[in-house]
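Have the structure open as you read.

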Amino acid sequence: MAPPAYGDLGKSARDVFGKGFHFGLVKLDVKSKTSSGIELNSGGQSNVDSGKVSGNLEVKQKCSEHGLTLTSKWNTDNILNTSVDVQDKILSGLKLTLDSSYNPDTGNKNGKVKAELKTSAALVCLDTDINLGGPLVNTSAVVGHKGWLAGLQMAFDTSKSKLVKNNFSLGYSTGDFVLHSNVNDGAIFGASMYQKVNPNIETGVNLGWTASSSTTSFGVAVKYILDKNGSVRAKINNSSQIGLGYQQKLRDGLTITLSTLIDGKNFNQGGHKIGLALELET
């Protein structure tokens, strides 16, 4: 099996901290699939504090016999995004993607070309935007051997002839136990640990340190599966911010998630946040 992409390194721990928490938001997500295999995803959210409402619509169609996937997206900022993927046709393990975006209100257009090559021992990605004035070139590579994972991510601004991103990562994964560490631009250091203690309990720990400000961050999170339809989540960080979440499958295709963020340092002053998410799938 190929190693994960650079952006997916440490994802297991991030999911324990991130999934199931929607602080300050009321969300609705609807997923459906037609008989012809077209996937339709739509969603909307309202920010409790600002009252801002946003929404999105996504249509995805796959043509397996030609290795093609066409995805079209629209959001309430009136931005249209279209991507075309071609996989395993030119070369086994090679995926080519053309992304484009267009804003009818402003006339702004943008595009990006991506290439991803997977082997059993490595995954290499390269992408560049379509900017004749000097594209930004992003590249990353992850190699794996007996559970060990090492990754490098860089970005080069051709208009300035300057390296604008230089990140390195090292980790170890056994599936139920994942260690991850990273250094971003030689100034931001991070580490995380994920462990699936048993089929019902998942835990995560993350650490961070920023050299420029000498600030440290620390957090612990846990997910506990109550039964096949329900789960609870909790997390806390060194700023005494406590996050709690409860997810319940009401029936097939209908799931509700409740969450809250409590500011432990200013408990009596208020300012705590709540969140509600509803997922429909047909």
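This is a predicted model: local features need pLDDT of at least 70, side-chain atom pairs count only at pLDDT 80 or more; totals for chains, interfaces and linings use all residues.

The general idea behind the search is simple: rolling a probe the size of a water molecule over the atoms shows where empty space is left.

| Pocket | Volume | Lining residues | Lining by class |
|---|---|---|---|
| Largest pocket | about 510 Å³ | 23 residues | 6 nonpolar, 9 polar and 8 charged residues |
| Second largest pocket | about 370 Å³ | 24 residues | 11 nonpolar, 9 polar and 4 charged residues |

Let's start with the largest pocket. Nearest its centre lie Ala-5, Lys-114, Glu-116, Cys-125 and Asp-127. Two or more lining residues come from each of strand 5 (80–87), strand 6 (94–102), strand 7 (109–118), strand 8 (122–129), strand 9 and strand 10. Strand 7 gives the largest share of this lining, with 4 residues.

In the second largest pocket, the residues nearest the centre are Pro-3, Pro-4, Leu-9, Leu-149 and Ser-173. Here helix 1 (11–18) contributes at least two lining residues, and so do strand 9, strand 10, strand 11 (162–173) and strand 12 (177–184).

**Glu-116, at the largest pocket**

Glu-116 is among the residues nearest the centre of the largest pocket, and its place is in strand 7. What is the nearest side chain of opposite charge to Glu-116? That would be Lys-118, 4.1 Å away. Cys-125 is itself one of the residues nearest the centre of the largest pocket.

**Gly-147, in a loop**

Where does Gly-147 sit? Its place is in the loop between strand 9 (136–145) and strand 10 (148–157). Is this glycine buried or partly exposed? Gly-147 counts as partly exposed because its relative accessible area is 25%. With residues up to four places away in sequence left out, Gly-147 touches Gly-171, Tyr-172 and Ser-173. Ser-173 is also one of the residues nearest the centre of the second largest pocket. Thr-34, by contrast, is 113 residues from Gly-147 in sequence and 39 Å from it in space, C-alpha to C-alpha.

Key. Residues are numbered from 1 along each chain as its sequence is written. Side-chain values use heavy atoms; hydrogens and water are left out. Buried means under 20% relative accessible area, exposed over 50%, partly exposed in between (1.4 Å probe, protein chains only). Contact means heavy atoms within 4.5 Å. On a 1 Å grid over the protein atoms alone, a cavity is a set of points where a 1.4 Å probe fits but cannot get out, and a pocket is an open set with protein on both sides within 12 Å along at least five of seven lines; lining residues have an atom within 4 Å of a point. Grid points are joined across faces, edges and corners, and a volume is the space filled by probe spheres set on the points. Ala, Val, Leu, Ile, Met, Phe, Trp, Tyr, Cys and Pro count as nonpolar, Asp, Glu, Lys and Arg as charged, and the others, Gly among them, as polar. Lys and Arg count as positive and Asp and Glu as negative; His and the chain ends are not counted. A salt bridge is a side-chain nitrogen of Lys or Arg within 4 Å of a carboxyl oxygen of Asp or Glu.
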